[in-house]
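Here are some notes for anyone opening this model for the first time. Have a look at the picture, then work through the points below.

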Amino acid sequence: MRIFVYPGSFDPVTNGHLDIIDRAAKLCDKLIVAVLVNRSKAPAFTMEERVSFLEQVLSGRDNVEVIPFSGLLVDFMKKHNATTVIKGLRAVSDFEYEFQMALLNKNLDPEIETLFMMTNIKYSYLSSSAVKEIASYGGNIRDLVPEQIVDQIYEKLRKK
Ligand code: PNS
């Protein structure tokens, strides 16, 4: 069974993430969306909220599973018998950081492959940070994130 992992902060999940998830899920038997407990970045949404957003949005996709993780990605991969890391690339500017991570992970575990998928051009400008900034000022995020979570995002970010 081919198990792939799509790791990230998903703070919050965007339509760009969802596009990658749907395309990656077709390439494997099971796709694990691994939600990072990041020690260095303070997320706007709690782990519970980020996982809940993903679960709401992904319900009905039977080969996609959402699992929180902390620690090293390669250890998470091994624990779940996963072979491949999926990363989305939006622009050349994403490349250097992703290239470094892919090589570091390869160094930590040579068995693991990183597969880069080009984002849909429609979402090439989109990021979770942009969504948070726009939502905090009450701007329109309806084309940027799945509709099930739009109101929950406004509710949390407008309070601040
Ligand atoms: O959505 P993000 O914040 O860009 O995702 C970053 C993520 C989770 C993919 C990256 O930080 C990660 O893999 N962290 C796990 C820690 C780790 O394995 N570090 C060593 C390789 S850089």
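1. Which element gives the most to the lining of the largest pocket? It's H4, with nine residues. Helices here are DSSP runs of H or I with at least four residues, strands are runs of E with at least two, and both are numbered from the N terminus.

2. A word on ground rules: this is a predicted model, where local features need pLDDT of at least 70, side-chain atom pairs count only at pLDDT 80 or more, and totals for chains, interfaces and linings use all residues. Residues are numbered from 1 along each chain as its sequence is written, and side-chain values use heavy atoms, with hydrogens and water left out.

3. A pocket here is an open set of points on a 1 Å grid over the protein atoms alone, where a 1.4 Å probe fits, with protein on both sides within 12 Å along at least five of seven lines; lining residues have an atom within 4 Å of a point. Of its 46 lining residues, Gly8, Ser9, Lys41, Lys87 and Tyr97 are the closest to the centre.

4. Besides H4, the elements that each supply at least two lining residues are S1, helix H1 (15-25), strand S4 (84-89) and helix H5 (128-136). By class, the lining has 20 nonpolar, 17 polar and nine charged residues. In this scheme Ala, Val, Leu, Ile, Met, Phe, Trp, Tyr, Cys and Pro are nonpolar, Asp, Glu, Lys and Arg are charged, and the others, Gly among them, are polar.

5. The ligand takes up the space of that largest pocket (more than half of its atoms lie within 2 Å of the grid points). Strand S1 (3-8) and helix H4 (92-108) are the elements that give two or more residues to the shell around the ligand. That shell has six nonpolar, four polar and two charged residues.

6. Finally, check the loop between S1 and H1, where proline 12 is found. The peptide bond from aspartate 11 to proline 12 is cis, with omega near 0°. Phenylalanine 10 is in that loop too, and has a positive phi of about 50° although it is not a glycine.
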